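Please find below a short note on the structure under review. The points are numbered so that each may be checked against the model in turn.

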Amino acid sequence: MKTKKDILILGIETSCDETSVAVVKNGREVLSNAVNTQIDIHKLYGGVVPEIASRNHVMNMDGVYRQALSDAGVTIDDIDAIAVTYGAGLLGALIVGVNFAKALAYSTGKPLIAVNHIEGHISANYIEYKDLKPPFCCLIVSGGHTALVEMESYIQKKLIGTTTDDAIGEAFDKVARECGLSYPGGPNVQMQAEKGNDYIKFTNMDKDKIVDFNFSYSGLKTAVINFIHNKKQRGEDISVPDICASFQKEAVMQVVNKSIYAIKKFGYDKIVLAGGVSANTYLREKMQEEASKIGAKVYCPPLKLCTDNAAMIASAGYYNYINNRSIVDPRTLVPTSNIAL
Ligand code: KG4
Ligand code: ZN
């Protein structure tokens, strides 16, 4: 039920291989979150094929939109504003959602809000934890980003550290491919890791030697690739579970150790996880383990909100809307494949 004071945001997300539309009340209550995933299509090619993703978004967009309104039990007239992911992501994929949102906003006269995809991932936590409010320290772990930020308010953040090369999700995906695991790489590496032993040392990471808050994954990724190639050249067997367990440990401990160092240094008592890699069970466990040693609380989105979805975009859109930020002209919004955090 919508009262006069309630604000309903329609969220639209098409930055990668999920077509999603959601209706969210007051930024925190999900009335619907319709998601059409293309995973089974892209699996055939070992990764997301941008052109195929765009075509499928075109085919699915209208149906997913209708589904979201009907699941929420509302019509477009009940919606206060339309929020859409305008970047970062695959350009051809973003164009579909952005153009749909522009047409909808223009034809209905409703405000259009441009949402940064990563801010959506952070907002997934507001949906799950009704009492969570900034300021807090947030670890962003996705296919395109690895970063620590201080969320100073719902709309203002300060970068503490970022990756100097690859993102953690990218490293998971590349290791998966090298190990012959199918798309999506991250969850398959995790599944293999659960059956393996983490005794292989790919890099010499030492938590006592943390000097800054930046991350690096290309050295670890290359070490894993070289390890596999050397073994194969010598005709030796490789254990995919052991490689995955050892890689996952080093990849995860890097973000865990730096997050703990950051919350201690900046005086926070909570760490919030955001992005697709926050679905990783080992990361969730290790972060919990280390945070509890210093009495800090860990917030992780539920699994269904870790992966791309429009509810998180509607939530981020709500905070933009009530703060009069990123409300754009529906005739001129341009999707952007790379945008700063
Ligand atoms: O946050 P996301 O949607 O990417 C961007 O928005 O950039 O997350 C996708 C990434 C992929 O790299 C995927 O392999 C990874 O998240 N991922 C995981 C897991 N589930 C998804 N990585 C490790 N373990 C998982 N369980
Ligand atoms: Zn994402």
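1. In this predicted model, His-57 lies in helix H2, which spans residues 50–72. The relative accessible area of His-57 is 0%, and the cut-off for a buried residue is under 20%, so His-57 counts as buried.

2. What does His-57 touch, if residues up to four places away in sequence are not counted? Its contacts are Thr-14, Cys-16, Asp-17, Glu-18, Thr-19, Gln-38, Ala-93 and Val-96.

3. A second topic is strand S9, formed by residues 270–274. Of its 5 residues, 5 are buried, and the strand is therefore largely enclosed by the rest of the structure. Both faces of S9 are covered. On one side stand Lys-270, Val-272 and Ala-274, and on the other Ile-271 and Leu-273, all of them buried.

4. Which strands pair with S9? Strand S6 (residues 136–141) pairs with S9 in the parallel sense, over 4 bridges. Strand S10 (residues 297–299) also runs parallel to S9, and 3 bridges join the two.

5. Between S9 and S10 the chain passes through helix H9 (residues 281–293), forming a β-α-β crossover that is right-handed.

Conventions:
Residues are numbered from 1 along each chain as its sequence is written. Chains are lettered from A and ligands numbered from 1 in the order in which they are written. This is a predicted model: local features need pLDDT of at least 70, side-chain atom pairs count only at pLDDT 80 or more; totals for chains, interfaces and linings use all residues. Side-chain values use heavy atoms; hydrogens and water are left out. Buried means under 20% relative accessible area, exposed over 50%, partly exposed in between (1.4 Å probe, protein chains only). Contact means heavy atoms within 4.5 Å. Two strands pair if DSSP finds at least two bridges between them. A crossover is right-handed if, with the strands pointing away from the viewer, the path from the first strand over the helix to the second runs clockwise.
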